[in-house]
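Me: I would like to learn how to read aromatic ring pairs in a model. Could you take me through it?

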Amino acid sequence: MIRTPKIKKKNPNKLLGILSPTTNELLSNDVETLQKNFVNHLEFSQAKDKFSATKYDYFECLVYTLRDRLFERWIETQQAYYRKDVKRVYYISMEYMMGRLLCNAILNLGIKNTISQALWELGLDLEELHNLEYDAGLGNGGLGRLAACFLDSMATLQYPAYGYGIRYEYGIFSQKIQDGFQIETADPWLRYGNPWEIERREFNYCVKFYGRVENTKDGKGNTVSKWVDTDDIYAVGYDTPIPGYRNNTVNNLRLWSAKASREFNLEYFNHGDYDRALEEKIQSEVVSKVLYPRDDFIEGRELRLKQEYFLVSATLQDIIRRYKKAHKNFKDFPDKVAIQLNDTHPALCIPELMRLLIDQENMTWNDAWKICNKTFAYTNHTILQEALETWRTNLMESLLPRHLQIIYEINQRLLTTIQKKYPKDVNRLQRMSLIEEGDERKVRMAHLAITGSYSVNGVAKLHTEILKTKVFKDFYDIWPERFNNKTNGITPRRWLKLANPGLSDLITEVIGENWITDLAELKKLEKYMNDKSFQERWQKVKEARKQHLAACISYHLKCKIDPQSMYDCQIKRIHEYKRQLLNLLYVITVYNRILEKSYTPAGPRTFIFSGKAAPGYMVAKLIIKLINSVADVVNHETKTNKLIKLIFIPDYSVSMAELIIPAAELSEQISTAGMEASGTGNMKFSLNGAVTIGTLDGANVEIREEVGEDNIFIFGLTAEQVLKKRDGGYNPSLIYEKDSELKQALDQIKNGYFCKSQPDLFKPLIEPLLKQDYYMLLADYRSYIEMQEKVADAYKDKIKWAVKSIMNSANCGRFSSDRTIKEYAENIWKVKPLPIKLQQVDQ
């Protein structure tokens with residue numbers, strides 16, 4: 001037997017001293033040091049040399065070189081939060097659309113010139129390495145991108161904050177277009193690993209499912225509940241550093257990955273049952289495989305509920321572990337912890353925290369509820385009934401039996417409160433109950449989130465008013481103080497500084513660089529809007545971005561577009577209420593006019609669509625097929641293809657948006673009024689100088705207030721008019737019969753003009769429009785067509801269009817996520833910035 005020699009610990013503080021950054025030990029950012037670090041990582045992290053290294057090895061070495069610098073700040077940031085015992089914000093979201101992290105880290109560290117030179121001297125190109133990075137498959141749409149912008153702003157504003165989510169192994173899906181149809185394939189974004197993340201094996205938590213509740217009495221006669229006979233899996237944390245812009249704050253995004261409690265059953269294996277030997281591992285780890293599995297069948301719904309609880313359970317255990325490091329009891333918990341629920345997906349936090357406090361910390365119900373009610377804040381992102389989550393009680397009873405008990409108790413106490421306030425209003429009780437009665441009883445997750453939170457916010461002025469006066473009016477009546485508005489925002493670092501360097505450099509040249517952290521500074525651009533030299537330079541930047549996008553489309557899609565044409569863009573999730581179909585009706589109308597020689601467009605136009613449809617959303621998938629079918633006809637018709645082109649760019653992502661948005665000239669924000677909560681795509685386009693055509697929906701209302709009515713094209717019904725029309729016996733078939741151009745376009749779609757091989761394919765899109773037209777396409781069609789003609793006329797005057805473009809960028813200050821986060825911090829979370837000081841700061 002070999003004995004391990006004992007090591008005498010002479011100085012237990014020596015390790016801490018070695019690890020603490022000192023003046024001489026902080027990594028320098030000069031060219032020589034960067035090169036030395038890079039080469040060291042190639043040899044010692046990758047075990048490669050110049051003969052065996054691949055381009056991806058070089059990319060990873062660059063990430064490691066940057067990561068070293070972030071880690072210094074990351075460690076000091078976390079230590080400072082503990083030393084000061086600050087209140088911390090925990091942002092919980094099912095989605096994060098982070099985009100590529102490489103150039104964002106370089107920007108925030110302030111070392112672009114030196115790192116570019118260091119790589120160039122080594123024979124490498126920064127842009128080439130940047131293009132090797134995969135977009136993290138952690139989100140689908142605006143919800144996830146907003147969360148990413150918020151993380152950036154929280155770090156830039158130096159707020160003590162953490163993000164929590166799920167580390168989806170295969171993301172949402174990779175979108176292919178085959179014969180015009182969307183085909184979903186796995187998105188293996190982790191195929192080569194993720195060099196930014198650190199696996200935290202020490203932070204793994206048991207997450208329970210199924211089982212039963214066992215009730216007993218304690219010595220005082222109180223009921224004690226135990227959740228027993230459960231199926232368990234483990235959540236393992238993976239951390240990604242989130243740096244602030246040009247400061248020392250590096251916050252943390254922790255993503256949970258599911259691991260089996262028993263990875264391998266040797267007994268089954270030894271008996272030749274190899275599949276069963278791995279069955280438990282496969283079933284357990286499927287929880288973190290894919291974002292939003294299809295929920296149009298029972299297994300898919302169960303998996304989605306599992307994912308939501310998996311995120312909630314692991315996160316709350318981690319938050320409590322961190323809190324207990326400095327606190328012996330929970331009396332200060334709401335003063336040290338603010339938890340923001342990003343939509344209803346994390347609403348199970350409320351019964352889960354109650355379970356932990358009552359069942360594990362032995363609190364009374366009333367004490368636990370006071371803590372809950374002072375800890376959680378809820379952001380609502382939708383008024384669509386199908387998007388306001390509900391879960392069948394029988395499913396929850398099977399999967400989370402203890403939580404359903406707690407929800408029933410919360411509901412009973414809620415109904416008692418309502419009954420005392422409105423003793424004769426039975427309908428109000430039914431409307432406000434956490435349980436929706438019917439053929440299948442369901443838990444209303446939005447009602448749960450409102451009841452358990454001290455703050456409920458909408459994400460645009462109009463959206464918040466709709467929540468207060470319609471969707472959640474009953475709750476607003478009893479808790480008006482909880483409701484508030486926090487209009488969404490976007491980070492100018494990614495969406496202008498990084499995405500549009502030419503425009504960013506021009507702006508910085510004329511007004512300085514303070515706009516990067518104070519977007520209201522862009523207002524100074526107004527005094528240059530009539531300066532001809534500035535207008536010309538502004539236009540040249542846009543032309544360069546258009547040419548770049550045209551080259552990319554030509555290379556990847558084998559389709560040539562005219563950089564001199566107007567770029568008319570609608571890029572977002574495909575959904576009926578977002579009305580990509582209305583945009584398409586305008587394309588068909590113009591096509592028909594040209595063929596009939598009744599119309600010559602004011603100039604050529606390229607219509608650009610991009611976006612994914614949920615795998616189970618067949619109508620949205622059919623809209624994608626229609627876009628591609630119309631493109632096949634329009635783009636191959638010699639009489640029209642010099643004047644209009646139609647492009648669908650597949651596999652929409654953050655990186656794709658960074659390519660398209662700076663080139664866009666017209667931004668299509670045409671959702672049915674009253675149905676878009678806010679939108680942030682509208683802000684990104686406007687910031688980059690695109691002019692909006694849109695309805696008075698979501699943040700469009702506030703964009704119009706900021707840029708002025710002369711610099712935006714508003715059409716269509718208002719939210720109030722939409723409601724009145726629905727309630728007033730609206731008959732869309734009358735519009736269809738009276739408007740010959742509309743009738744012609746709809747008939748062409750319905751009768752197979754654009755898909756002669758399957759003439760009935762698109763009937764499911766048209767028939768509901770003629771019977772109900774819930775999203776008011778026919779009602780808004782003529783107004784939209786007329787406004788598009790005004791757009792075309794305005795675009796003919798390049799100088800006036802340049803003024804509109806400049807005015808849009810100049811008046812985007814209100815739409816910075818920095819402003820939004822400051823409002824959350826001051827009005828909801830009650831947290832303060834904590835500047836992080838290093839002994840040496842090398843910028």
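Reply: Happy to! A pair of aromatic rings is described by the distance of the centres and the angle of the planes. Rings of Phe, Tyr and Trp (its six-membered ring) pair if their centres lie within 6.5 Å; planes under 30 degrees apart count as stacked, over 60 as edge-to-face and the rest as tilted. This is a predicted model, where local features need pLDDT of at least 70 and side-chain atom pairs count only at pLDDT 80 or more, while totals for chains, interfaces and linings use all residues. Residues are numbered from 1 along each chain as its sequence is written, and side-chain values use heavy atoms, without hydrogens and water.

Me: How many aromatic pairs does this rule give?

Reply: The count is 32 aromatic pairs. One of them joins phenylalanine 71 and tryptophan 74, a tilted pair with 5.1 Å centre to centre and 40° between the planes.

Me: Where do phenylalanine 71 and tryptophan 74 lie?

Reply: Both are in helix α3 (residues 55–84), 3 residues apart, about one turn of the helix. Helices here are DSSP runs (H or I, at least four residues), numbered from the N terminus.

Me: Why is the pair of tyrosine 586 and tyrosine 784 called edge-to-face?

Reply: The ring centres are 6.0 Å apart and the planes of tyrosine 586 and tyrosine 784 stand at 70°, so the pair is edge-to-face. This pair links distant parts of the chain, 198 residues apart: tyrosine 586 is in helix α24 (residues 580–595) and tyrosine 784 in helix α33 (residues 777–796).

Me: Which residues do ring pairs link into a cluster?

Reply: Tyr81, Tyr90, Tyr162, Tyr164, Tyr205 and Trp256 are linked in this way.

Definitions and conventions. Helix = DSSP H or I, 4+ residues; strand = E, 2+ residues; numbered from the N terminus.
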